[in-house]
Amino acid sequence: FTNFQAALYIYIYIYHIDMIASRSCCRFVGCTSMMQISCSTTAQNCSIGLRSGDCGGHLSKEMVTEGSYYLYDALDEKVYFKEATILVPPQWNSKDFFKARTESFEKAHIKIDNANSANNTEPYTKQYGECGAEGEYIHFTPEYLLNDTFIQLYGSRGRVFVHEWAHLRWGVYDEYSKEKPFYFSNGRIEATRCSKNIEGQFYEVTAGGSLQPCRIDPQTSLPDDGCTFFPDRNQITNSSIMFLPSLDPVTAFCRENEHNSQAQNMQNKKCSNKATWTVIFEDSVDKDALRSLKPLESPPPPPSFKVVQRAQRVVCLILDVSGSMAGSRILLQQQAATEFLRIYIEDQASVGIVSFSTTAFTLSPLTTIDSDTTRENLIKLLPKVASGSTNMCFGLNQGLKVLQEDNGDVLGDEIIFLTDGLATDNIAGCAPSGIQSGAIIHTLAFSDKAAPELKEMADKTGGKFIYASDELTSNQLMDAFASLTLSTGDYTKEPLESVGTRTSDWFNGTVSVDQTVGNKTSFVIIYEIRFPSIYIQSPSGSVYTQTNMSHDGLLKTVTLNVPGTAEPGDWKYSIQTTSNQAFTITVTSQAAHDDVRPIIVKTHMNQQFNDGTKPMTVFAEVSQNYRPVINAEVWATLESETGSVHILQLLDNGAGADAFQGDGIYSRYFTKLVDGRSSLKVRVKNQDVQTRSAAPKKSGAPYVPGYVVNGVVQLNPPKPPVSEEPLEVGNFTRTATGESFEVKLSGTPPPNFPPNRITDLSAEIQEDTVLLSWTAPGEDLDQGTAKSYEIRWSFDLDMLRNSFSNGHVVNTAAVSPHEAGSVEQHSFNLSFPIQNGTTLFFAVQSEDEQNAKSETSNIAQASKILHGPKPPGVSNPGMNLTVLVISLCVVIMVICFIVAVTAWAVRRRNRFV
């Protein structure tokens with residue numbers, strides 16, 4: 001940001017969807033399906049993916065334009081959306097589209113795509129990390145953009161977009177709560193909202209659409225589930241956008257002077273009760289830039305839009321054949337490239353092959369993948385011999401020449417650059433030309449000596465950098481090729497299973513083929529020395545042996561291509577050898593039905609570089625058509641280039657590194673940092689466990705059931721019903737490879753990390769007993785067992801938040817921490833009887849063996865509310881004041897009447913005396 005450039009640069013990507021033929025799109029001619037908007041807060045990027053057609057693209061432009069002016073007002077006239085780029089599907093025809101460079105669906109931050117289930121049209125943002133961390137993407141549905149009814153339900157699209165943008169870019173959370181819509185404050189029932197100055201009324205909507213007073217739940221003493229808060233259409237406050245952007249007066253984010261820190265919403269829980277404005281300006285990725293900005297001198301211009309398109313995929317393999325690749329490395333390269341050409345590269349893609357050592361050679365010009373014969377012909381051209389030096393610049397320049405063959409430029413084309421060592425030539429001299437060419441460059445480092453410019457080229461061109469071990473029991477190079485689906489965003493081709501071992505006996509295993517996959521299923525076994533005996537058994541008991549498989553003695557591979565659609569269930573493989581040798585097995589399977597999206601896994605680290613001062617976080621998202629897959633078993637393997645291996649079980653428990661329980665995102669802190677590059681691989685399985693595809697948990701603009709206008713509730717149309725029932729998934733297996741990451745320690749070992757912050761503390765008062773519950777942290781963040789807990793309470797939330805040590809201490813001598821991830825509970829009595837109507841606040845810190853303390857937990861609150869035998873109804877906000885005012889007026893009138901009568905009587909009496 002500068003004072004003269006306060007524009008945001010966003011990338012919006014629209015994923016392709018079939019248009020509904022009957023829908024009228026005449027006023028939306030010329031719009032597109034993938035849109036990339038640019039915004040300039042230190043060059044931030046965001047992307048939208050849309051599965052709709054021209055109409056949705058045009059409405060995306062309207063949404064962003066309206067949102068730009070709304071954002072400009074919300075951030076004190078400092079920020080606006082300046083530029084948007086729309087990426088459209090390859091099959092769209094127009095001469096007005098520019099050629100895409102690095103834009104891709106995989107990197108999209110804003111996706112316009114079909115809903116995850118029927119009628120689920122709610123806009124939302126997928127958030128992985130902690131407060132202030134950037135989210136993953138915003139999801140709009142075509143129906144939401146095309147149907148103006150949703151404007152009445154959620155507010156104008158531009159306002160909703162800014163609400164979602166704040167989730168995505170600045171890591172703030174919703175200020176309403178579906179789980180806890182009401183809470184007690186000073187003995188009074190309040191709606192969960194921010195600011196507290198938002199006025200409204202409580203009612204329950206009957207099945208017939210009429211209103212009735214809310215009823216009290218005798219268990220919680222709060223309104224029951226049917227009670228709804230209806231805000232007044234006109235308000236005296238202008239905040240907050242993260243509560244209700246649909247209200248016309250709402251034009252600002254909540255600041256500390258208005259922030260409702262007691263509201264039991266996600267913003268308070270995740271962000272230590274901070275106001276959204278505070279998080280944006282003090283904790284977000286743009287905090288430094290935003291604080292230095294001054295208001296613009298004049299209103300901003302509307303965003304400009306550019307439409308780009310990616311044609312069919314164009315890829316050049318640049319393969320190292322220098323002397324250091326001789327032996328097992330050249331064979332591993334050949335095996336992995338063979339599977340890439342045979343399985344992973346898409347039909348109608350164009351592929352070229354270049355090899356380099358002392359010089360560079362074109363082994364194949366760009367060739368269209370139009371048949372299996374073409375694939376096999378390309379496989380025959382892969383290099384098999386290695387010798388000479390490592391002149392990487394020759395290879396890079398030759399690859400760029402090959403990519404220019406089709407249309408004279410390389411914009412948006414891809415390079416897969418594989419090498420095992422340091423450059424003989426000066427790669428620093430030619431890397432800039434590769435970066436500036438417009439090609440997407442993926443780099444695969446096949447050893448710990450690969451030049452650092454490889455990572456730089458990948459980072460600066462939107463490619464992937466992956467370190468792959470050359471151990472014969474490692475399948476990392478095969479997995480790396482499988483993960484290179486950048487331009488298509490197709491995760492469905494990543495392997496179901498990818499494992500290796502060394503044995504002189506049996507190598508056995510089970511792969512679960514679920515009902516979402518089954519087409520083009522193959523088992524590829526690679527052996528080191530001698531052709532083994534192989535048996536593969538289907539779920540129904542059919543056994544496949546070598547007679548059913550193809551064997552390539554030169555590549556040392558054995559392949560079973562399962563005919564037709566593979567039978568769903570557990571497939572068992574058994575490999576027998578009498579020689580001590582290495583084996584790997586890779587199992588792939590593609591979607592069984594065009595209209596059913598398979599279960600997919602995406603994995604990444606929270607950062608690609610770490611200096612050892614902070615922990616890293618491993619994420620794995622398991623989903624099916626945007627629906628989270630929960631209760632799966634997820635393991636991450638992190639292997640450094642020096643050979644150290646760390647295995648972590650990732651959890652979806654809403655504690656430690658995991659943001660939300662049951663959202664299908666499995667997370668864990670990684671604290672065993674090792675100097676150098678490391679690879680990331682995740683294996684997901686479900687074996688006889690109730691793994692389910694659940695309704696998504698998400699942050700997003702709320703549905704508004706109605707407003708109060710002139711004292712009367714005006715109901716909005718009901719929200720379309722959405723099935724929240726989880727779907728049984730059955731047994732399945734998946735493997736995913738993430739980008740490699742690098743750690744550079746500053747000569748000292750990584751610091752001792754304290755226990756993680758507790759984020760799910762809850763409190764309950766039962767008579768005079770307080771019951772606290774939370775998930776146990778670890779000795780080091782979310783691993784191991786903490787030494788002790790410190791629990792404090794207060795009548796004042798802000799005091800506990802700002803000065804934990806000044807709170808009242810709870811005796812925790814009897815509390816012994818359990819292993820990280822365990823459920824902890826502690827009940828106790830205070831030193832005084834708790835009066836009816838009292839609200840108390842509680843917080844926890846934990847300590848490890850080195851006396852390092854965690855951050856203060858989220859602040860839990862509990863109220864003691866006792867009612868008579870018949871629970872009362874709920875008075876509407878302001879009604880108590882109204883009754884009080886009326887009562888006071890009546891009393892005054894009575895007093896005045898009495899005084900007047902008395903005075904009259906006295907005067908009359910005086911006349912007769």
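Visitor: What should I know about the model before reading any values?
Guide: The model is predicted, so local features need pLDDT of at least 70 and side-chain atom pairs count only at pLDDT 80 or more, while totals for chains, interfaces and linings use all residues. Residues are numbered from 1 along each chain as its sequence is written, and side-chain values use heavy atoms, with hydrogens and water left out.

Visitor: How many helices and strands does the protein have?
Guide: Helices (H or I, at least four residues) and strands (E, at least two) are DSSP runs, numbered from the N terminus. On that basis the secondary structure comes to 15 helices and 50 strands.

Visitor: What percentage of the residues in the protein is buried?
Guide: A residue is buried when its relative accessible area is under 20%, exposed when that area is over 50%, and partly exposed in between (1.4 Å probe, protein chains only). Of the 913 residues in the protein, the buried share is 56%.

Visitor: What share of the contacts with a separation of 6 or more joins residues 24 or more positions apart?
Guide: Contact here means heavy atoms within 4.5 Å. Among the contacts in the protein with a separation of 6 or more, residues 24 or more positions apart account for 76%.

Visitor: Which residues touch the most other members of the largest nonpolar core?
Guide: A nonpolar core is a set of buried Ala, Val, Leu, Ile, Met, Phe, Trp, Tyr and Cys residues joined through side-chain atoms within 4.5 Å. The largest such core has 59 residues, and its largest share, seven residues, comes from helix α4 (residues 157–170). The members that touch the most others are Leu75, Phe140, Trp170 and Phe253.

Visitor: Which residues does Phe140 contact, leaving aside neighbours within four places in sequence?
Guide: Phe140 belongs to the largest nonpolar core. With those sequence neighbours set aside, Phe140 is in contact with Met63, Ile110, Lys111, Ile112, Asp113, Pro123, Val160, Phe161 and Glu164.

Visitor: Is Ile241 buried or exposed, and what is its relative accessible area?
Guide: Ile241 sits in the loop between β14 (227–231) and α5 (266–270), where, not counting residues up to four places away in sequence, Ile241 touches Tyr70, Ala74, Val162, His163, Val250, Thr251, Ala252 and Phe253. Ile241 is also 81 residues from Val160 along the chain, yet their C-alpha atoms are separated by 8.7 Å. Ile241 is buried, with a relative accessible area of 0%.

Visitor: How far apart in space are Val601 and Ala736, C-alpha to C-alpha?
Guide: Val601 lies in strand β31 (residues 599–605) and counts as buried, at 4% relative accessibility. Val601 and Ala736 are 135 residues apart in sequence, and their C-alpha distance is 6.1 Å.

Visitor: At what angle do helix α8 and helix α13 pack?
Guide: Axes are lines fitted to C-alpha atoms, for helices over the stretch in contact, and angles run from 0 to 180 degrees between N-to-C directions. Angles under 35 degrees count as roughly parallel, over 145 as roughly antiparallel, 65 to 115 as roughly perpendicular and the rest as oblique; α8 and α13 are therefore roughly parallel to each other. Helix α8 (residues 328–344) and helix α13 (residues 476–483) have axes 9 Å apart and pack at an angle of about 30°.

Visitor: Which residues of α10 and α11 meet?
Guide: The axes of helix α10 (residues 392–403) and helix α11 (residues 427–436) come within 9 Å and cross at roughly 20°, and that makes α10 roughly parallel to α11. From α10 come Met392, Cys393, Leu396, Asn397 and Leu400, and they meet α11 at Ile427, Cys430, Ala431, Ser433 and Gly434.

Visitor: Where is the cis peptide bond with omega near 20°?
Guide: Most residues other than glycine have a negative phi, and most peptide bonds are trans. The cis bond with omega near 20° runs from Ser239 to Ser240.

Visitor: What is the phi of Lys556?
Guide: Lys556 is in the loop between β27 (550–552) and β28 (557–561) and is partly exposed, with a relative accessible area of 25%. Although Lys556 is not a glycine, its phi is positive, at about 60°.
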